[in-house]
Amino acid sequence: MKLVPSDFYMKINRRLSDDVMTELVAFESTVDYKKFIWNDMWDGNYYCNDLTNDQLPSGVIETFSEVFDICENFCFLKNTGNVIKHHDVARRASVTIPLNVTDSYTQFWDWDETKYIKLRHNGEVYLQNNKQRHSVKDNGDEFRLFLQLNFFENDYAWVKQQLDEYKYFQ
Ligand SMILES: [Fe+2]
C-alpha cells in the first residue's frame, strides 16, 4: 500500500521572518540541553523543555499564536541524526520549526516497517504525527535544530483539523 504523506505530516504555510529567526537562533544558543533518556537508553536527541512563553522572542508567539493557544508545551530539540526507529513515548503531535537547514531528513515508516517516506524540512514548518514510527538519518556532526510545539492530550488528527480551520495548510 502506498504511504499517504498527510498521515505522517502536513506542511504549514507560515514561517518566521528573518529578524525573528535571528532572535530565536540567538536565544537557542543560550539554552541548556539534556539528553533524552528512555528505558536507560539515549535516543540521540537533546532537548530543553523547561522554558516559558515569555522567554521566547514575541514574534515567535505572534507568528504561531493559534498553535501556542492549543499546544501543551514547547521544547528546543536538536540531534545530529542517527536517531533510532521509534514513536514518541508521550507526545502525539508537534509543530516543528527548523532553526537551520541541513541535508538530513526524518524517515516515517509504515506499519510493517518495510517502507518509509522522507520528510526534508528545508527550512519549512511542519505538523508531525509523532505516533507514527520515525527515525532520523545520520547527519555526521551537523546538528539539526528545532523549536517544537507539543501535543500530548490531543492527537495528530485533532491538531490537523484545528490548524486547518486557521488556514495553516493553504
Ligand atoms: Fe521522535
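In what order do the 7 strands of the open sheet stand, and how are they paired? The order is β1-β9-β6-β11-β4-β3-β2, and the pairing is antiparallel. This is a predicted model. The protein chain has 4 helices and 11 strands. This briefing starts with the whole chain and then moves to its sheets, its core and a few single residues.

**The chain as a whole**

- The radius of gyration of the protein chain is 15 Å, close to the 15 Å that the globule rule gives for 170 residues, so the chain is as compact as a globular protein of that length.
- The C-alpha trace spans about 45 × 35 × 30 Å along its principal axes.
- Of the 170 residues, 28% count as buried.
- Take the contacts with a separation of 6 or more: residues 24 or more positions apart account for 85% of them.

**The sheet of 7 strands**

- Strands of a sheet pair through backbone hydrogen bonds, either parallel or antiparallel.
- In the open sheet of 7 strands, the pairing is antiparallel.
- β1 and β2 (34-38) stand at its edges. Each has a single partner strand, so one side of each is left without a neighbour in the sheet.
- Neighbouring strands of this sheet are turned by 35 degrees against each other on average, direction ignored.
- β4 and β11 pair over 7 bridges, in the antiparallel sense.
- Within β11, Gln 148 is the bridge partner of Cys 75, and Leu 147 stands opposite Phe 76.
- β6 and β11 run antiparallel too, joined by 6 bridges. Here Ser 94 stands opposite Asn 150 of β11.

**Strand β11: buried on both faces**

- How many of the 8 residues of β11 are buried? The count is 8 of the 8, so β11 is largely enclosed by the rest of the structure.
- Arg 144, Phe 146, Gln 148 and Asn 150 point one way from β11.
- Leu 145, Leu 147, Leu 149 and Phe 151 point the other way.
- Both sets are buried.
- α4 lies across β1, β6, β9 and β11. It runs at about 150 degrees to β9.

**The nonpolar core**

- The largest nonpolar core has 29 residues.
- Which residues have the most contacts inside it? They are Val 95, Ile 97, Leu 127, Leu 147 and Val 159.
- Several elements each supply at least two residues of this core: β1 (9-12), α1 (18-28), β4, β6 (93-98), β9 (125-129), β11 (144-151) and α4 (156-165).
- β11 gives the most to this core, with 5 residues.
- Leu 147 touches Leu 24, Phe 74, Phe 76, Ile 97 and Leu 99, leaving out residues up to four places away in sequence.

**The sheet of 4 strands**

- This open sheet has the order β5-β10-β7-β8, with antiparallel pairing.
- β5 (83-86) and β8 (116-119) stand at the edges. Each has a single partner strand, so one side of each lacks a neighbour in the sheet.
- The twist averages 20 degrees from one strand to the next.
- Strands β7 (residues 106-109) and β10 (residues 134-136) run antiparallel and are joined by 3 bridges.
- The bridge partner of Thr 106 is Val 136 in β10.

- Asn 79 is in strand β4 (residues 73-79).
- Beyond its neighbours within four places in sequence, Asn 79 is in contact with Gly 44, Asn 45, Tyr 46, Val 136 and Arg 144.
- Asn 79 and Asp 141 are 62 residues apart in sequence, and their C-alpha atoms are 9.2 Å apart in space.

**Two residues with positive phi**

- Asn 122 lies in the loop between β8 and β9. Its phi is near 50 degrees, a positive value in a residue other than glycine.
- Asn 122 has 11 C-beta neighbours inside 10 Å, so Asn 122 counts as exposed.
- Lys 167 is found in the segment after α4. Its phi is near 65 degrees, again a positive value in a residue other than glycine.
- Lys 167 has 10 other C-beta atoms within 10 Å, so Lys 167 is exposed.

Note on methods
Residues numbered from 1 in each chain as written. Predicted model: local features only at pLDDT ≥ 70, side-chain atom pairs only at ≥ 80, totals over all residues. Contact = placed C-beta atoms within 7 Å. Core = buried A, V, L, I, M, F, W, Y, C linked by C-beta atoms within 7 Å. Buried ≥ 20, exposed ≤ 12 C-beta atoms within 10 Å, placed from the backbone. Pairing = 2+ DSSP bridges. Axes fitted to C-alpha atoms, helices over the stretch in contact; angles between N-to-C directions. Rg over C-alpha atoms; globule rule 2.2 N^0.38 Å.
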